[in-house]
Amino acid sequence: MTIFPKGSSKLPPGKGAQVDPLLGSFVQYEDNAAVVLAVVTATKKDKLAILNLRGRELELATNRLYVLPAKEPTGVSGQAARVEALSSLQARIDAEADKLNVEELWSFVHEEPKAYSVTELCKAYFGADEVAQHAGLRVALIREKTHFKREKDLFEPR
């Protein structure tokens, strides 16, 4: 039995403030056919506040964002430090995307006609799901339209 009415600012014991699991997550979104890297800085009702690689703060709907399998390093605070972390990660992503051979990846999976997530493809090709490889693979698949057909966040071999 609770003493306080619903909506009261007093929370029962053990019900402290909830931390959103997306805070600090690296995300990608598409803007004019470019894949842009960003980090989640705050959550709002149905939108996320993000800081992108260019140092701009935006609010985007969650369905426009692709969450990468990593968060910003601990101890990074402030806009300049976050932009620096994003720049470092973007350099690694670009290097991975440039060296990836999409045709070779296609040869691994083309016999089974199903849609693959980037995580599945990353584990099949690299043997792990590291953030730079994951994001680089996703960028390479979005750019290359010959070997894979895109269905939102899934890719099906042609």
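A residue is called buried if its relative accessible area is under 20%, exposed if over 50%, and partly exposed in between, with a 1.4 Å probe and protein chains only. The model on display is predicted, so local features need pLDDT of at least 70 and side-chain atom pairs count only at pLDDT 80 or more, while totals for chains, interfaces and linings use all residues. Residues are numbered from 1 along each chain as its sequence is written, and side-chain values use heavy atoms, with hydrogens and water left out.

**Stop 1: Gln 133**

Select Gln 133, which is located in helix α4 (residues 131–143). Helices (H or I, at least four residues) and strands (E, at least two) are DSSP runs, numbered from the N terminus. Is Gln 133 buried or exposed? Its relative accessible area is 18%, so Gln 133 is buried. Next, display its contacts, where contact means heavy atoms within 4.5 Å. With neighbours within four places in sequence left aside, Gln 133 is in contact with Glu 96, Cys 122, Phe 126 and Ala 128.

**Stop 2: helices α1 and α4**

Now select α1 (residues 79–99) together with α4 (residues 131–143). Two packed helices are described by the angle between their axes and the distance between the axes. Here the axes come within 7 Å and cross at roughly 55 degrees. Axes are lines fitted to C-alpha atoms, for helices over the stretch in contact, and angles run from 0 to 180 degrees between N-to-C directions. Angles under 35 degrees count as roughly parallel, over 145 as roughly antiparallel, 65 to 115 as roughly perpendicular and the rest as oblique; α1 and α4 are therefore oblique to each other. Residues of α1 that meet α4 include Leu 89, Ile 93 and Glu 96, and among those they meet in α4 are Val 131, Gln 133 and Val 139.

**Stop 3: the sheet of five strands**

Colour the strands β1 to β5. In what order do the five strands of this open sheet stand? The order is β4-β3-β2-β1-β5, with antiparallel pairing; two strands pair if DSSP finds at least two bridges between them. At the edges are β4 (57–61) and β5 (66–71), each of which pairs on one side only. From one strand to the next, the twist averages 45 degrees.

Zoom in on β2 (residues 34–44) and β3 (residues 47–52), which pair in the antiparallel sense over six bridges. Within this pair, Ala 42 stands opposite Ala 49 in β3.

Bring α1 back into view: this helix lies across β1 (25–31), β2, β3 and β4, at about 145 degrees to β2. Select Gln 90, a residue of α1. Gln 90 counts as buried because its relative accessibility is 13%. Not counting residues up to four places away in sequence, Gln 90 touches Leu 37 and Leu 53.

**Stop 4: the sheet of three strands**

Select β6, β7 and β8, an open sheet in the order β6-β8-β7 with antiparallel pairing. Its edge strands are β6 (116–117) and β7 (148–151), each pairing on one side only. On one side, β6 and β8 (residues 154–157) pair over two bridges, and the bridge partner of Ser 117 in β8 is Leu 154. On the other, β7 and β8 pair over four bridges, and Arg 150 stands opposite Phe 155 in β8. The hairpin of β7 and β8 has two residues between the strands, and there Lys 152 takes a positive phi near 60 degrees.

In a regular strand the side chains alternate between the two faces of the sheet. In β8, Phe 155 and Pro 157 form the covered face, and Leu 154 and Glu 156 the uncovered one.

**Stop 5: the nonpolar cores**

A nonpolar core is a set of buried Ala, Val, Leu, Ile, Met, Phe, Trp, Tyr and Cys residues joined through side-chain atoms within 4.5 Å. The largest one has 30 residues, and Leu 121, Leu 137, Leu 141 and Phe 148 have the most contacts inside it. Its largest share, eight residues, comes from α4. Select Leu 141: leaving aside neighbours within four places in sequence, this residue is in contact with Val 102, Leu 105, Leu 121, Phe 148 and Phe 155. Apart from this core lies another, of nine residues, among them Val 36, Ile 50, Leu 60 and Leu 65.
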